[in-house]
Amino acid sequence: MLVLTGAFAMVFFYAPLDADQGFVQKIFYVHVPMAIVALIGFVGGGICAVMYLRTRETKWDMRSYVSIHLSVVLAVGVLITGSIWARASWGQWWVWDEPMLVSFLIVFLLYATYWPLRFSLEDREKQARYASVFAIVAGAFVPLNFAAVRMAEAYIHPATGATVAGGLPPKMGLTFAVAMLGMGLLFLTLVKYEMASKHATFRLRALRRKLAGDDDDLMLTGRSAAPQL
Amino acid sequence: MRATVATLLRKELTLEWRTRESVPAMVLFSVATYVVFHFGLDRDRVAGDLASGVLVVTLLFSAILGVNRLFVAEHEQGGFDGFLLAPVDRTAMLVAKAVALFCFLCIVEAFALPAFALLLLGPPLTQALGPLVLVLLLANAGIAIIGTLVAGLAIQTRARDLIVPLLALPLLVPVVLAAARSATPLLQDGGAGALPGNWMAILAIYDLLFALIAYAVFDFLLED
């Protein structure tokens, strides 16, 4: 999987032709897939949360948590790369009359509350349940918000769906597809890694507790709002 | 179901009538905010988009006050346990709370709107009172539904007062946007313009969709 991510990086430097915006346009291959993957990750987190509420198995809460966590990280990247792109092509760091930017920022702000919400609930089961409800509401909010803000204003933002279908020359389209794939795989790999690391941490903690022979797990847990297995 | 909702709603309104905890605070808050806006904007009168923005945002913030208090009595005095022990549908709680919040908001607006017209608004309020009330009713419905959901989500947390605005503000952005845009032509100088139908439609659809979402997830918030 990491090899494919490497391939994505190579394609990004190697394949695409410069468009009318010159070199700056290349950020498109990072920015847009990142945004799409982050949004899908948010919605995926919501779907995992639905599964948690149905099955009450912690692994679903874990998946939802990891998915939202990484999507928020990607969202920061999207906001930064988007800003750079906007500065280069529109001449300003931030443009308010731009539905994409505004709705993405709103979604990001909403998801930033995920951790305060988790942290302020002590009980693990309750934490998972409330976080799931939040993830579902927010996951449903993502497309709704985009639809609402989009209907709102005239858009000058390149709509990627339309661009991929019609506007992009084949070479750029291919690069974009590979970039999209690479970003998606990167996301999945990161999800896998984070899950594995969390599992390992819990195993380690459980073993250590067994060794110590006591159950002061509050001492060992530290301050973490991540779901426990 | 309907009887349960009616009972719960009666309880809410009686409670508010006797304690007078939320609504007076919300009214005072909105009036104080208009005064603050007067100094903050350094203007004697506002009109058009500025007027609708000031009106809607102030109402939103005063609504947040009400949302913060919405489940406090249940939480502190064990009303949740009593409700869960009763053999009734849990959705009744959602509906009753949302309707109660809707009523509170309407009462607040009954005071805040004249105050706004008196203190800040340039063109006469009467030039488009009917459509404006319609816009505000739709916005109230949205705020009531999302507010109840957020209040239910935040009530068990330690940092309740912090979580409520953090969650509610992004979720309410489309409501604010649509309500402010709908109200803009109603408050402009030189006679009211037509009510923008597409914005009203967005507001109504958003209300409806969130009502469905809230209906789907609210049961899980009342499980202990």
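Modeller: Let's start with a term: a crossing is left-handed if the near helix is turned anticlockwise from the far one by less than a right angle, and right-handed if clockwise. The part I'd pick is helix H7 of chain B, residues 129-154; helices here are DSSP runs (H or I, at least four residues; strands are E, at least two), numbered from the N terminus. Keep in mind that this is a predicted model, where local features need pLDDT of at least 70, side-chain atom pairs count only at pLDDT 80 or more, and totals for chains, interfaces and linings use all residues. Residues are numbered from 1 along each chain as its sequence is written, while chains are lettered from A and ligands numbered from 1 in the order in which they are written.

Take H8(B), residues 160-183, to begin with: its axis and that of H7(B) come within 9 Å and cross at roughly 160°. (Axes are lines fitted to C-alpha atoms, for helices over the stretch in contact, and angles run from 0 to 180 degrees between N-to-C directions.) That angle makes H7(B) roughly antiparallel to H8(B); the label is for angles over 145 degrees, with under 35 counting as roughly parallel, 65 to 115 as roughly perpendicular and the rest as oblique. H7(B) passes H8(B) in a right-handed crossing.

Who touches whom? Residues are in contact if their C-beta atoms, placed from the backbone, lie within 7 Å. On the H7(B) side you'll find, among them, B:Leu132, B:Ile146 and B:Ala154, and on the H8(B) side residues including B:Arg160, B:Leu171 and B:Ala183. By class, this contact has 18 nonpolar, three polar and one charged residues. Nonpolar covers Ala, Val, Leu, Ile, Met, Phe, Trp, Tyr, Cys and Pro; charged covers Asp, Glu, Lys and Arg; the others, Gly among them, are polar.

Now for H9(B), residues 197-217: the axes of H7(B) and H9(B) come within 9 Å and cross at roughly 25°. So H7(B) is roughly parallel to H9(B), and H7(B) passes H9(B) in a left-handed crossing. The contact includes B:Leu138, B:Ala139 and B:Ile146 of H7(B), with B:Met200, B:Asp207 and B:Phe210 among those of H9(B). Its residues divide into 13 nonpolar, two polar and one charged.

To tie the two together, B:Ile146 is one of the H7(B) residues that meet H8(B), and B:Ile146 is also listed in the contact with H9(B).
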